[in-house]
Amino acid sequence: MIKAVRGTRDLLPPDTDLWNRVETICREVFALYNFHEIRTPIFEETQLFARGVGEDTDIVSKEMFTWDDRARAQSEKSQSLSLRPENTAGVVRAYIEHKLGETGKLQKLYYIGPQFRRERPQKGRYRQFYQIGAEVLGPPSAGSESPARDAEILEMLATLLDRAGINGWMLYLNSVGCTNDRPRYLAALRDALADVKDKMCEDCQRRAETNPLRVLDCKKPQDQPIIAKLPRISDYLDEDCRKHFAEVQNILTACGVPFSLNDRLVRGLDYYTRTAFEFTHGNLGAQNAILGGGRYDGLSEALGGPKAPGIGFAIGEDRFIMALAGENAEQYKAKPPQVYIAPMGSGMNAHAARLARELRNAGITVELGDEAFRLKKSFETAEKQGITHVLIVGENEVRTDSFAVKNLQSGEQISVARTDLARRLAA
Ligand code: AMP
């Protein structure tokens with residue numbers, strides 16, 4: 001038997017009802033904040049991720065699904081392509097390619113879709129997973145650098161999680177500085193690491209050389225006491241970064257959005273500047289980050305585009321659903337159909353189909369049976385799906401144009417004229 005590949009999975013009903021509900025809530029909230037959807041391809045040139053996400057990141061160095069692609073089977077020329085491991089690089093590529101900066105406006109874009117990383121599968125971690133994300137970017141003259149944008153995004157996320165019914169989330173905030181102050185911090189970090197890295201895990205020994213900021217991200221318990229003693233980025237922020245970060249916090253406080261500072265919070269991606277954040281949730285176990293994001297003022301230029309500071313986030317939809325399933329998923333289950341139509345005896349399928357069509361056009365959800373079923377089987381089928389009313393379509397009913405409607409809960413059966421059916425079933 002061929003099975004879904006490890007780290008991938010099928011999403012089946014009724015779970016997909018919950019997924020759709022979450023996506024609908026997100027779309028509704030995004031609309032309230034004037035965000036619009038962007039859909040970028042699922043694969044891109046490998047270079048985009050190497051430059052946009054960073055060659056030294058685990059995502060690019062270890063986790064991408066990459067292949068050499070020939071435009072034509074016979075062609076010698078090939079191009080390295082990768083499944084997207086995240087969506088920000090694709091959005092910024094599209095921003096540059098379609099010259100969205102020339103509109104002079106802020107671009108407020110959201111996406112919903114699958115991402116791919118070759119990670120070791122575990123609870124809450126898949127090789128194909130789904131992200132719901134949004135980005136605000138544009139020329140500085142449009143206000144793209146303003147701390148008001150950071151705060152607005154964070155406030156929107158708080159609203160979104162609350163609306164979805166996710167209780168007890170935590171927002172952790174940090175500022176990772178900018179190209180001006182980061183080199184000084186990195187130098188201090190490298191210095192400090194030189195003395196202690198031998199005592200750290202293998203990954204950290206490598207990171208200490210290639211991407212020292214990521215050492216702070218290490219989850220290994222034995223490394224934590226060492227990490228706790230490393231220099232703090234908050235002590236190295238320049239005046240502008242300090243002010244920017246203070247204003248983000250000021251606005252959040254004014255809006256009543258709770259947060260905690262965590263100066264060990266860094267994002268796995270190279271292009272992040274200033275505000276970095278993460279929302280966590282207690283239902284998720286070890287992989288407790290439900291979403292992460294931050295500012296990426298230099299990304300567009302790193303990809304050969306114009307100056308286009310921006311900020312964005314990606315919600316892990318799989319984890320969002322897990323967190324919700326632990327809360328109150330019941331309320332998001334799709335309702336059963338309002339009526340089961342049971343054609344009785346040969347020749348009745350056509351009459352039943354016509355009736356179903358009329359009722360569905362009137363907005364009634366209908367499950368349609370089959371004339372080959374005995375009435376008892378129709379009742380059982382309806383009951384199994386939680387449908388409370390069965391509409392019987394037999395020769396008598398067709399002749400009188402009045403149909404027997406049985407309430408399976410009370411056992412009561414009444415005859416309803418065709419013209420009255422939709423109204424009665426809706427009630
Ligand atoms: P990142 O793009 O790494 O900042 O991740 C953003 C969010 O996506 C995380 O907070 C997780 O919720 C989710 N995520 C990242 N990697 C995976 C994965 N392999 N499986 C499921 N969710 C993931």
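Predicted model: local features only at pLDDT ≥ 70, side-chain atom pairs only at ≥ 80, totals over all residues.
Author: Residues are numbered from 1 along each chain as its sequence is written, and side-chain values use heavy atoms, with hydrogens and water left out.

Reader: Why is His36 called partly exposed?

Author: Buried means under 20% relative accessible area, exposed over 50%, and partly exposed in between, with a 1.4 Å probe and protein chains only. His36 has 48% relative accessibility and therefore counts as partly exposed. His36 belongs to strand β1 (residues 36-37); strands (E, at least two residues) and helices (H or I, at least four) are DSSP runs, numbered from the N terminus.

Reader: Which residues does His36 contact beyond its neighbours within four places in sequence?

Author: They are Lys108, Leu109 and Tyr110, where contact means heavy atoms within 4.5 Å. Tyr110 is 74 residues from His36 along the chain, and their C-alpha atoms are separated by 5.9 Å.

Reader: What makes the pairing of His36 with Asn34 a polar contact?

Author: A polar contact is a pair of N or O atoms within 3.5 Å; within protein, one must be able to donate a hydrogen and the other to accept it, and residues adjacent in sequence count only if both atoms are side-chain atoms. The side chains of His36 and Asn34 are joined by such a contact, at 3.1 Å.

Reader: Why is Glu135 called buried?

Author: Glu135 has a relative accessibility of 0%, and so counts as buried. This residue of strand β6 has a side chain joined to that of Tyr296 by a polar contact of 2.7 Å. Leaving aside neighbours within four places in sequence, the contacts of Glu135 include Phe35, Thr88, Lys108, Leu109 and Phe313.

Reader: How do you know that Thr273 is buried?

Author: The relative accessible area of Thr273 is 9%, and therefore the residue is buried. Thr273 is in strand β9 (residues 273-280). A polar atom of the Thr273 side chain lies 3.0 Å from the backbone nitrogen of Asp297. Not counting residues up to four places away in sequence, Thr273 also touches Arg295 and Tyr296, among others.

Reader: How do you know that the length of helix α5 agrees with its number of residues?

Author: The expected span of a helix is 1.5 Å times one less than its number of residues. For the 18 residues of α5 (residues 147-164) this should give 26 Å, and the end C-alpha atoms are 26 Å apart, so the two agree. At the start of α5, a side-chain oxygen of Ser146 reaches to within 2.9 Å of the backbone nitrogen of Ala148. Just after α5, Gly165 takes a positive phi of about 90°. Among the buried residues of α5 are Ile153, Leu154, Leu157 and Leu161.

Reader: Which backbone atoms lie by oxygen atoms of the ligand?

Author: A polar backbone atom of Ala289 is 2.9 Å from a ligand oxygen, and one of Ile290 is 3.2 Å from a ligand oxygen. For Gly316, a backbone N or O atom lies 3.5 Å from an oxygen of the ligand. Taken alone the ligand exposes 490 Å², of which the protein buries 90%; these areas come from the Shrake-Rupley method with a 1.4 Å probe, and for residues only the protein chains shown count as cover.
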